[in-house]
Amino acid sequence: MRPVPLFSPGRVATIASGTVTQLIRMKTFYFLLAFALVVVAAGNFNLPATPAQELSMIKKVSFGTMDLFAWLFAIVATALLIPRDQEDRTLYTILSKPVRRVEYLLGKLGGVLVVVGVSLVAMYAICATMIGVRESLFVAAEVEAMQADGRYSEEDIAGQVGLIRQQGLRPELAIAVLAFFLKAAVVAAVTIFLSTFASSSLFTIIVSILVFLVGHAHTMASSFWLHESGNSAFVRMLVKVVKILIPDFQLFAFSEGVVLGEAVVWPLVWQMGGLTLAYLAVFLLLSLLVFVDKEF
Amino acid sequence: MKERMSTPAVEVSNLTKVFSLGLRKEYVVAVDNLSFRVEAGEVYGLIGPNGSGKSTTMKVVLGLMAASKGSAKVFGLDSGDIRARNEIGFLPENPYFYKHLTGAETLRFYGKLCGMRGAALAKRTAELLKLVDLEGAANRRLGGYSKGMLQRIGLAQALVQHPRLVILDEPTAGVDPIGSRQIRDLILRLRDEGYTVFLCSHLLEQVQEVCDRVGILFRGRMRREGTLDELIAIEGQTTLTLEGASPALLERLRATVAEEGAEVLAEGHPRTSLEQLFIQIAERGGEENQPS
């Protein structure tokens, strides 16, 4: 009898690369074109605002769209993969090879995350190009205008340029992109868990989006229902259960501040990274508990 | 080799599989106390009508389903053991592989799942494409394959890791007679090469042509099992086929039969099957179209 390793990263990588190929050949990267159009449109608004405000608006629209595309793509791509494998019986041929179910789940999740990661890098490159170009144009125009006016000192000009740069292309923006990626990873893990027992992709997509929305209202809802004295014990318990079951997506909300030029609070970044890993582990474990004994 | 001779390729013992129908507390017994063995190196056919439990039995053997009672072993290992699956090549009924992959990519994908890499995998891919006569379509995506081509690439993926046991679920379902003949020839070739083949089908003529032993399943139970000769030979009757016999010779034979107290039950010209006729015509057509 030929030996089979207990766990094979090679098999996980094979399923992940198969998933990447599948998503690429489904022409999913076409959404990058839509994203590029949004960014170009945002970059060409001519608002009656200061250059700093205009840059801030470009960043808000571009990074908001990037965030939306990342989590929505993670949900849709993940929800399409496992139910489709099951419907098409491709799963039979994969699981009848020496593949453990945990390897299959990890491979699918890994493939989706690679595509989400590459997409985010591409979207960030598009954003960075647009913001960088606009920032340079704004700085040049502002310096020229202030010098031509003749009333401003070098310090005044440097201060004004600093204000524009504050809203321009800064390395901290990469942290916001990382937050989008980690949020998409948690959403994908939740979607994988749902797809292990859901009967259709549509159901999985709808429930995943609901979970995502509830996860955003976590802090607000729990502070309202848990601390209001008029609520019954049942409501309080229900809220506690929801708090445990649904990830808190407000965890990633600090990225909005980073996009708007606020300083990065590093303890929050570490907390985000740690909790993302914990959520991934919990949802993969739950998925495995359902999937390992599932009959096809 | 010793293990191959002594350990059965498949050993199903008292297998029962019960499905519950939702929340209604109703149950369906798909397989009922089923026992059989598939010896290493033979072609075993499990036949039965739709819903007789063939596919369920296969899924339990493949580890895709757990038995409610009893056990299924592959080369002595529990069917849920991952090492057992390394010895199995499986072709499901109406296989739908990833349509976005080409034939060669499909074989490489399944080969990698079995731990194959590099030159060994490239060599095996080329061998299998040749075996199933799909070298010309190796770089075409499966979305453009015909039903017969899909079955053949499915058979190739089943063989990619050199399994000792090949499980085929309705291998020729929906395939035209020529494609069906190609698959049948491949099964016979596999037997000659020492593979054990376990197939499920309700196409009885096909099973009769390729199987060494057959089990007849009906409503989840094994009704008859044995070699083809045991199952279909009619005791006490003999068939004699002659070529170029004159009417006088036939008359003398009839007289001899009558003298011996035997009886001629049927007399006439042997007939070819419609399938054979179709294949002959198609092959003749192919030869005529060959450039001279």
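Student: Which residue stands opposite F198(B) in β8(B)?

Tutor: I167(B) stands there. A word on the source: this is a predicted model, where local features need pLDDT of at least 70 and side-chain atom pairs count only at pLDDT 80 or more, while totals for chains, interfaces and linings use all residues. Residues are numbered from 1 along each chain as its sequence is written, with chains lettered from A and ligands numbered from 1 in the order in which they are written.

Student: How many bridges join β7 of chain B to β8(B)?

Tutor: Strands are DSSP runs of E, at least two residues, and helices runs of H or I, at least four, numbered from the N terminus. Two strands pair if DSSP finds at least two bridges between them. Here β7(B) (residues 165-169) and β8(B) run parallel, joined by five bridges. Strand β3 (residues 43-47) of chain B is also parallel to β8(B), again with five bridges, and V43(B) stands opposite V197(B).

Student: Which way do the residues of β8(B) point?

Tutor: In a regular strand, side chains alternate between the two faces of the sheet. In this case T196(B), F198(B) and C200(B) point one way, and V197(B), L199(B) and S201(B) the other.

Student: Why is β8 of chain B called largely enclosed?

Tutor: A residue is buried if 20 or more other C-beta atoms, placed from the backbone, lie within 10 Å of its own. Six of the six residues of β8(B) (196-201) are buried, so the rest of the structure largely encloses this strand.

Note on methods. A residue is buried if 20 or more other C-beta atoms lie within 10 Å of its own, exposed if 12 or fewer, and partly exposed in between; C-beta atoms are placed from the backbone.
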